[in-house]
Amino acid sequence: PNFKGPIHNRGCTDILCCILFILALLGYFAVGILAWSQGDPRKVIYPTDSRGQFCGQAGTPLEKKPLLFYFNILKCASPLVLLEFQCPTTQLCVERCPDRHLTLVKAKLGSKDDREYYQQYCKPGVDFTKQSPPEILRDGLCPAMLMPSKSHRRCLPALGTMKGGVVVVGNETTFDAGQGVNINATEVLESNMVVEARQVAMRIFEDYTQSWHWILLALVIAMIVSLIFIVLLRFLAGVMVWVMIVLVILVIGYGIFHCYMEYASLKGEPGADVTIRDLGLQTDFSVYLQIRQTWLAFMIILAIVEFIIILLLIFLRKRILIAIALIKEASRAVGHVMSSLFYPLLTFALLSVVIAYWAITAVFLSTSNEQVYKVFNTSECEYSRETCDPKTFNTSNASAQCPDAECLFAFYGGETLYHKYLILFQFYNVFLFFWCANFVTALGQVTLSGAFASYYWAFKKPDDIPAFPIFSSLGRALRYHTGSLAFGSLILSVVQVIRVILEYLDHKLKGAQNKFAKFLLSCLKCCFWCLEKCIKFLNRNAYIMIAIYGKSFCTSARDAFFLLMRNIIRVAVLDKVTDFLLFLGKLLIVGIVGIFSFFFFSGRIKAVEDAAPSLNYYWVPILTVVVGSYLIAHGFFSVYAMCVDTLFLCFCEDLERNDGSSDRPYFMSPELPVHLCSLKKKKRSLVLVLEQCWFLYCEDL
């Protein structure tokens, strides 16, 4: 009978997990410091030659040589190139890329112009008059051949496709490799695709450096729009929900109309009828927008989404009225706890710190490899394949004992203890990113649920509500339940990391012919996706119970689970319909901001056409703004979602706790709609319970 909201007299929970989380954070900081001391992010911005020099960097001898040339592009056919930002072959900074096919032997025997042309792709100091081609190749001074290339900061083979799918490089299907070996153009395709994929990553990085301030401005606008929408929802809940539904239908309808207009405008244009399959993979994604099939696909997808939303609205029209009533009650709670509207800003700031720390650490870890040189020789030598330093090799014992030995570039990596465990550091970085991000989300859920629970259980509103419910709830969460939050987020992080590993294995097995392995992997992916959704749902309700009663994570999760199972009909109908309505609100904000960002970054707004940045892919900032806007809208709407879930769980607990048998019943929120009780099959008995509660309450007054 003395229960008046979240218990204040509570103790620390899940202490061991709290200690483990603190130690993991200290290790995370140590990995970050180690990565920042070893890595060099300039490797992402500037191409790097085999000596570690940056091509085209201002103020260096290579300022006028901005392009990177690979001696043997076939050695780049490895997915590790994407992760390590390096290719295991000799690389040279050049002023321009080769534009014709030429072998070292032909250049040696050819004219003076051929020798001078070939020499610009060799290491300094090569003398064609004194050294034979075998000696030059043995010393690694020149490539065995040149092939026509295109330049995008790196010289990549100019691949093309003739009719019938024949791959060519400069209209040739085979090449003389210069060592008595012919190379098919198809063999170049795999290495070229890997390096091209890396090129796409580089261009995306460049686009971010050009448009980050506009992206930030768009995200601020999304934040303002979300805040205005939430404030209006507080005062005009019923009207805003219907306005939101209508606007979502109109925005998606405009998307369908725009796709149709683009589809119709390309009719009769040369090359517009090419299919996406015939076009293949292109690094210039703007090419896809020049064919009709792309806009037709967009139009079909939007039409399906529109149809599904309208169908759901028709079948759930009665439940939507009940959900609107619950949102109105949530609006009253938000009105008494107005500071909850600004709490998502703290969550957004903390998540930004977590994401930024993870991204920066990942870049530094990926660029911390060094040039490794090994001793290569033709005769027996005890120093063979040992690490060497090219600067001091001529005066070392290896050079004296093995006259034919050379110190040549072997690969990018490192043989120190740090480089041996580099892949583990990358994995640790990913795992801690998930753990920290989930912890920040959990902290927000516990804080908001504690504040809204204090509203629900207040005997007299607003007198019994604490002066600063958000700060009080945040203080309790950090002081007593850091371990419980770390425990719940750890379980979720483990499942998410397993899903990432399964996605990686699925990518690796795409070319495999084992049907059973593919089937098993698909089943595992589906099961872990369902498991992640279930854990998120259980964690969310467990955090509400933690905020109210202050028990450990496992105890709270058990209590929340059985409470929800005893009220499964209400959960299935009310909770999910309310989530659907709030999702429409997120969709509306994302649609508004996404449409304006599309017209701005694509240069279709004449008034600000000059202000728009020049980009390789204008979809990069658009997608970033869309995803960021959704996350921001999700942060603000999560206040309402958490309020609804908290009030709903408190309501279910209240009905079970106060069945009219006690002297002082505590279901005393006259504002809470009676619609909630109409979902029980034994409708009359619940109405009697409410009437009895209200009668005893009036008598008590």
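Let's start with a cysteine pair: the link between Cys55 and Cys93 is left-handed, at -75° about the S-S bond. Cys55 lies in the loop between helix H2 (42–45) and strand S1 (67–70), while Cys93 belongs to strand S2 (residues 91–94), so the link ties together parts that are 38 residues apart in sequence. Helices (H or I, at least four residues) and strands (E, at least two) are DSSP runs, numbered from the N terminus.

Before going on, keep in mind that this is a predicted model, where local features need pLDDT of at least 70 and side-chain atom pairs count only at pLDDT 80 or more, while totals for chains, interfaces and linings use all residues. Residues are numbered from 1 along each chain as its sequence is written, and side-chain values use heavy atoms, with hydrogens and water left out.

Back to Cys55 and Cys93: their sulfur atoms are 1.9 Å apart, and the two form a disulfide (a pair of cysteine sulfur atoms within 2.5 Å). Cys55 and Cys93 are both buried, meaning under 20% relative accessible area, with exposed being over 50% and partly exposed in between (1.4 Å probe, protein chains only).

How many disulfides does this rule give? The count comes to three. Another one joins Cys97 to Cys155, with 2.1 Å from S to S. The link of Cys97 and Cys155 is left-handed, with -85° about the S-S bond. Cys97 is in the loop between S2 and strand S3 (102–103), and Cys155 is in strand S6 (residues 155–157), so this pair ties together parts that are 58 residues apart in sequence. Cys97 is buried, at a relative accessible area of 11%, and Cys155 counts as buried too, at 4%.

Then there is the disulfide that joins Cys122 to Cys142, with an S to S distance of 2.0 Å. The torsion about the S-S bond of Cys122 and Cys142 is about 120°, so this disulfide is right-handed. Both partners sit in loops: Cys122 between helix H5 (112–119) and helix H6 (133–138), and Cys142 between H6 and strand S4 (145–146), so the bond ties together parts that are 20 residues apart in sequence. Cys122 counts as buried at 6% relative accessibility, and Cys142 does so at 4%.

Cys17 is buried, with a relative accessible area of 10%. Cys643 is in no disulfide either, since the nearest cysteine sulfur, that of Cys650, is 9.7 Å away. At 0% relative accessibility, Cys643 counts as buried.

Now for the rings. Searching the whole structure turns up 22 aromatic pairs. In Tyr28 and Tyr428, the ring centres are 6.3 Å apart and the planes meet at 75°, so the pair is edge-to-face. As for the rule, rings of Phe, Tyr and Trp (its six-membered ring) pair if their centres lie within 6.5 Å, and planes under 30 degrees apart count as stacked, over 60 as edge-to-face and the rest as tilted. This pair links distant parts of the chain: Tyr28 is in helix H1 (residues 15–38) and Tyr428 is in helix H15 (residues 422–456), 400 residues apart. Tyr28 counts as buried, at 3% relative accessibility, whereas Tyr428 is partly exposed at 24%. Phe561 and Phe562 make an edge-to-face pair as well, 5.5 Å centre to centre and with 75° between the planes. Phe561 is partly exposed, with a relative accessible area of 34%, and Phe562 is partly exposed at 45%.

Tyr28 and Tyr428 also turn up in a cluster, where ring pairs link them with Phe29, Trp36 and Tyr357.

Arg100 has its charged end over the ring of Tyr117, 3.8 Å from the ring's centre. Likewise, the charged end of Arg292 sits over the ring of Tyr263, 4.0 Å from its centre. The test here is that NZ of Lys or CZ of Arg is within 6 Å of the ring centre and within 35 degrees of the ring normal.

Finally, take a look at helix H8 (residues 237–265). At 1.5 Å a residue, its 29 residues should span 42 Å, and the end C-alpha atoms are 42 Å apart, which agrees (the expected span is 1.5 Å times one less than the number of residues). Which residues of H8 are buried? Among them are Ala237, Gly238, Met240, Val241, Met244, Ile245, His258 and Glu262.
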